[in-house]
Every structure is written in C-alpha cells, then in structure tokens.
Amino acid sequence: MDDTTDDRSADASDAVLKRGDEIDYEAVGAAAGLRKGVLLDESDGAPHFAMRRFELAPGAAVPRHTNAVEHEQYVLAGEYVVGIGGEEHVVSPGDALLIPAGVEHWYRNDGEEPGAFICAVPNGDDTIELVE
C-alpha cells in the first residue's frame, strides 16, 4: 500500500460531467480541415491533464510540427496517416499513440471519411513549433 497522499482531497463534488452538446469546436489555424473541441481541462477542474477531441476532414493535412509536451492519442474514427519522427503510420479506430515531447509529427487524411481522435496532454503551457 502506498503511504503517499495527494495535497488535494477529492470527493464527489469535484466530479465533472460535460455533455457532448456542451463541447464547442473551433478550427485550428495552422491546418485547414482540422477542428478541436476541449472535452476537459483546468477550467473544468481537471488537475493534471487536458483531454481534447480533434476532427480531421477528408483531404486535410496538419503540417510537421513539434510540441513542448507529450501527447497521448486514441483514434476514434476514420483511417489517416500520422507521421512521427521519420516514419508514417496509417491509423484506424482503436489505435493508441504516444508522441513524446519535442518529437516532430504531422497528420494527413487521404481518405474519404473524416478522422477523429482523442488527445490528452498535461495541463500548462505548450509551445508548438512548425517544422519547415
């Protein structure tokens, strides 16, 4: 048994339920055809992670970039390409990815169906740098 304690005492009043129709989606400026909805983050009381849902339209591409924080992703819909480092991977529903902080990555949806994925990142600042 672990004797460590969290500084914060949780109870049922800390729980959050956010319904799907409460999620606002917005276009992501760096990539035409990419939309993001914040499912939960610090503003909802989530102490450690933000969980977001991204939608990648058919024909959309996200340019090569790096992030200062790690990404954990779970593919919900579609089949699309995720580039990580020097490799490209075709992903489909049920696939999970870990993209470490600072690793170059990109996305491309060559299919006719939209792609969608959940992305969890640590709360706090994230610096995104486009790779030429």
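Author: Start with a term: a salt bridge is a side-chain nitrogen of Lys or Arg within 4 Å of a carboxyl oxygen of Asp or Glu. This is a predicted model, where local features need pLDDT of at least 70, side-chain atom pairs count only at pLDDT 80 or more, and totals for chains, interfaces and linings use all residues. Residues are numbered from 1 along each chain as its sequence is written, and side-chain values use heavy atoms, with hydrogens and water left out.

Reader: How many salt bridges does that rule give?
Author: The count comes to six salt bridges. In one of them, Glu104 pairs with Arg64, with the closest N and O atoms 2.8 Å apart. That pair links distant parts of the chain: Glu104 is in the loop between strand S8 (96–99) and S9, Arg64 is in strand S4, and they are 40 residues apart. Strands here are DSSP runs of E with at least two residues, helices are runs of H or I with at least four, and both are numbered from the N terminus.

Reader: What does Lys18 pair with?
Author: Lys18 forms a salt bridge with Asp44, with 3.1 Å between the closest N and O atoms. Lys18 sits in the segment before S1 and Asp44 in the loop between S2 and S3, 26 residues apart.

Reader: And Arg108? Which side chain does it meet?
Author: Asp110, at 3.0 Å from N to O. Asp110 counts as exposed because its relative accessibility is 56%. There is also a network: salt bridges that share partners join Arg35, Arg53 and Glu55.

Reader: Switching topic. What's the overall fold pattern?
Author: Along the sequence it reads β-β-β-β-β-β-β-β-β-β-β. The chain has eleven strands and zero helices. Of its 132 residues, 29% count as buried.

Reader: How is a pocket defined?

Reader: What's the lining made of, by class?
Author: It has 17 nonpolar, nine polar and six charged residues. Ala, Val, Leu, Ile, Met, Phe, Trp, Tyr, Cys and Pro count as nonpolar, Asp, Glu, Lys and Arg as charged, and the others, Gly among them, as polar.

Reader: Back to Arg52. Where does it lie, and is it buried or exposed?
Author: Arg52 lies in strand S3. Arg52 is buried yet has no salt bridge; the nearest side chain of opposite charge, Asp126, is 5.5 Å away. Lys and Arg count as positive, Asp and Glu as negative; His and the chain ends are not counted.

Reader: What does Arg52 touch?
Author: Not counting residues up to four places away in sequence, its contacts include Lys36, Val38, His71 and Phe117. Contact means heavy atoms within 4.5 Å.

Conventions. Buried < 20%, exposed > 50% of the residue type's maximum accessible area, 1.4 Å probe, protein only.
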